[in-house]
Amino acid sequence: MIRKAVAYLDSRAGAAPLLKKALRYVFPDHWSFLLGEVALYSFVILVGTGIYLTLFFDPSTAKTVYNGSYAPLQGARVSEAYKSVVDLSLERKAGLLMRQTHHWAANVFIAAIVLHLIRVFFTGAFRKPRDLIYYAGLGMLMLALLEGFLGYSLADDLLSGMGLAIAYSVAMSFPFFGANLALLVWGDPFPGDAAFWPRMYIGHVLLLPVLIGGLLALHLGLLVARHHTQFRQERETERRVVGLPTFPGYVPRTLGLASGVAGLLFLLGGLVQINPIWLWGPYEVSQGTNGAQPDWYLGWLIGGLRLMPGFDVTIGDYTLVPNAFWAGAGFPLFVFLVLLLWPWLERKATGDHAVHNLLDRPRDAPWRTAIGVGLLTWVFLVFFFGTADRLYVYFGASYTTQLWVYRVLVWVLPVAAGAVAYRVCNELRAGERVARERKRAEEEAPYIIGT
Amino acid sequence: MKLVRLVLAVLRLWRNWPEAEAREPRIVAEGKPDRRAELAVLGLLAAASICGVAFIAVYALDRLPRQTQLLGLSLGLTFVFVAAALIVVGRRLVPYEELEEHYPEPAHPEEQEDVVRIVDESGSRFTRKRLLKLAAAGTGGVVATALVTPAVSLGPVFDTDRLYRTPWHRGRRLVDEAGRPYLAAAIETDTFYTAYPEDAPRDDLAAPLVVVRLDPGKLRLPAGRDGWAPRGILAYSKTCTHAACAIALYRTPLFEPTSPRPALVCPCHYSTFDPATGGTVLFGPAGRPLPQLPLAIDDAGHLRAGGGFSGPIGPSWWGVRERKRV
């Protein structure tokens, strides 16, 4: 059976040498290498559940009257898009399971990418010869943020409508061409032309997934071409990679992980409610809801928009740069710019142009770790300020006080955290040096005593 | 022993037996069988199958309470059991091996050189290389620009004037959600109303208004807005000038020491505007006051627009002019 299949493939595609090589390809083993795989398998679930959802969704903002089974919405004037999502959720068997699993998978997908990025940054895995892989990964993260935002915007509920209004305002706020950009994308002043919804839809189900898929292929293809990185343990060197072969060692483990991710996502999708849009109601430009929070991965933007001191850059009567630009566009663009330039910056700063197959431990590169910790602290504080209104509601912490505390912390704490990280790295390294010296001394001691 | 082997060899020749001992050495490392792990895998696969069947059964049942939860539970557990079975296979049943391999060559200098030479030599017949390169780059740029030009059809890119348009002009009545005109006498203090333009589309950022009533003696409107707030009734655009969310909250002073003045609040980023002073920003990220709509009360006692907004509504953009009227 196997023999026949292999013979068939070999004679038709000349595949036997490649197969043999692929089966014995070496995977270094470390728990943190799983994060990228979690993202990969979440993406597979996203595509699968997403295809299911497209079979029911109607990307139209034409108005209709809701007359389904959810009594509080009876007679409400809603869009076809909103109605089709509510109907899919409440009238179709397994529809809600698929929709919630899709939404959870998006959250897990981006969380896994971010953790993977943090791992890659702090271990120096982005260094030559893998900087292209890193750029492809960053590209996927940026596209994934946009993809997720489009996904939950399509439902046309009150919460997502508010999000789109903010996105429109951020687009408008770009210097020089903001208004032109917004009119181009929306086709008209907000809420835009009738063609805007089909545009979002084709972007969400075709353009962005294909782009992400293309970058994914590049990411994995380059990875195979350059092989995995590894930590220095015993036999690992810059020239020799040590680990499990694809088959039989790695395949059951990674399929187990894939199955585990699928299991987790379906459990979340079935048991933990997410984005119940029939509770939010349909979007109207005249309506808003308090306590609105986006999906977690846009929390840094809402936090930034709230934290920003209130000013527009103006000359007399003219507005130049509206406020929403700084936190809504400038902040994320700056963070991504730093991340994109980092491999180059590090090469310039250290003069290290060598090929690196062995990973750093965070302590091995104190400056990188310090700057990374600082950047992460900065972004995290801005992110966390997005919860200030909830902290006020739940714990009574004054919103204004929190605002001023954060406006100070957001500059002070990253510097402090970076300094602490730098110090800790050096202490750890010094400790290791002492331990090494002691060991060597103890090894030499018997000879000294002996002679 | 030697004798036994010899006999076996002869037998093999004679019977034409397969030559078991002369087989090549194993590629995959050896390991001992583990019957308990096999049993565990069988058990886990059985559990997965049971959950999978349960999923189909739950799906087939109609009008089951908590069907989504049961579907998710059964399908999720199916995958969890499969995952557990695969992990046992990976950890306990397949041979454990640690292989070594050389990393691929970091660079191929000879091939690099050859590629450069191929490109160089291919261009050896050109004499005016720089000019041709320039011409090719220019043409490429023109072709690319030509190809993206149709994208301009996506929207009225250059027509930013339409961002100033509003349905509000002198005389238009303010109506409520059901389309009934607002009576000035019905507007009370300490609450707020959402008003729409009569006979005009409502899904337009410029359409919704927030209407409040304050003590006329406490109003401090900017110069030039005399008579904009008859009987202390004020109307502002309901669209936040920061990020276009609806101003959906109204803070009335329930307790003077902590909330000294009434305020209109946007729930998205908490921009807070003062209705008594012409919508100026009290707090939050908004950079521009909320545009005010002058009001008038007609003979029937209905609220009407007394003119256009005091400034452009909605989020700001590069070049937006505070006093431009279209």
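Which residues of α12(A) are buried? In this predicted model, the buried residues of that helix are Trp300(A), Leu301(A), Ile302(A), Gly303(A), Gly304(A), Leu305(A), Arg306(A) and Leu307(A).

**View 1. Chain A, overall.** Chain A is built with 16 helices and six strands. The C-alpha trace of chain A extends over about 95 × 70 × 40 Å along its principal axes. Chain A has 451 residues, of which 41% count as buried. Among contacts in chain A with a separation of 6 or more, 74% are between residues 24 or more positions apart.

**View 2. Helix α12 of chain A.** This helix covers residues 299-307 of chain A and is mostly covered, with eight of its nine residues buried. The buried set includes Trp300(A), the glycines Gly303(A) and Gly304(A), and the charged residue Arg306(A).

**View 3. The side of chain B that touches chain A.** In the contact between the two chains, 75 residues of chain B meet 80 residues of chain A. On the chain B side, the elements giving two or more residues are α3 (67-93) and β1 (99-102). Helix α3(B) provides the largest share, 17 residues. Sorted by class, this side of chain B consists of 44 nonpolar, 18 polar and 13 charged residues.

View 4. Strand β4 of chain A (residues 240-245) and β1(B) run antiparallel and are joined by four bridges. Within this pairing, Gly243(A) is found opposite Leu99(B) of β1(B).

**View 5. Surroundings of Arg240(A).** Arg240(A) belongs to strand β4 of chain A. Arg240(A) counts as partly exposed because it has 14 C-beta neighbours inside 10 Å, whereas a residue is buried at 20 or more and exposed at 12 or fewer. Neighbours within four places in sequence aside, Arg240(A) is in contact with Arg235(A), and also with Glu100(B) and His102(B) of the other chain. Gln230(A) lies 10 residues from Arg240(A) in sequence, and the C-alpha atoms of the two are 9.7 Å apart.

**View 6. Open sheet of chain B.** Four strands of chain B make up an open sheet with antiparallel pairing, in the order β6-β7-β8-β9. Strands β6 (249-251) and β9 (280-283) are the edges, each pairing on one side only. On average, neighbouring strands of the sheet are turned by 35 degrees against each other, direction ignored. Three bridges connect β6(B) with strand β7 (residues 263-265) of chain B in the antiparallel sense. In this pair, Leu249(B) stands opposite Val265(B) of β7(B).

**View 7. Nonpolar cores.** The largest nonpolar core holds 170 residues, and those touching the most other members are Phe109(A), Tyr168(A), Leu265(A), Val211(B) and Cys245(B). With residues up to four places away in sequence left out, Phe109(A) touches Ala39(A), Ser42(A), Phe43(A), Leu46(A) and Ala144(A). Another core, of five residues, lies apart from the largest one; its members include Ile371(A), Val373(A), Ala421(A) and Cys425(A).

How values were computed:
Residues numbered from 1 in each chain as written. Chains lettered and ligands numbered in written order. Predicted model: local features only at pLDDT ≥ 70, side-chain atom pairs only at ≥ 80, totals over all residues. Contact = placed C-beta atoms within 7 Å. Pairing = 2+ DSSP bridges. Axes fitted to C-alpha atoms, helices over the stretch in contact; angles between N-to-C directions. Core = buried A, V, L, I, M, F, W, Y, C linked by C-beta atoms within 7 Å.
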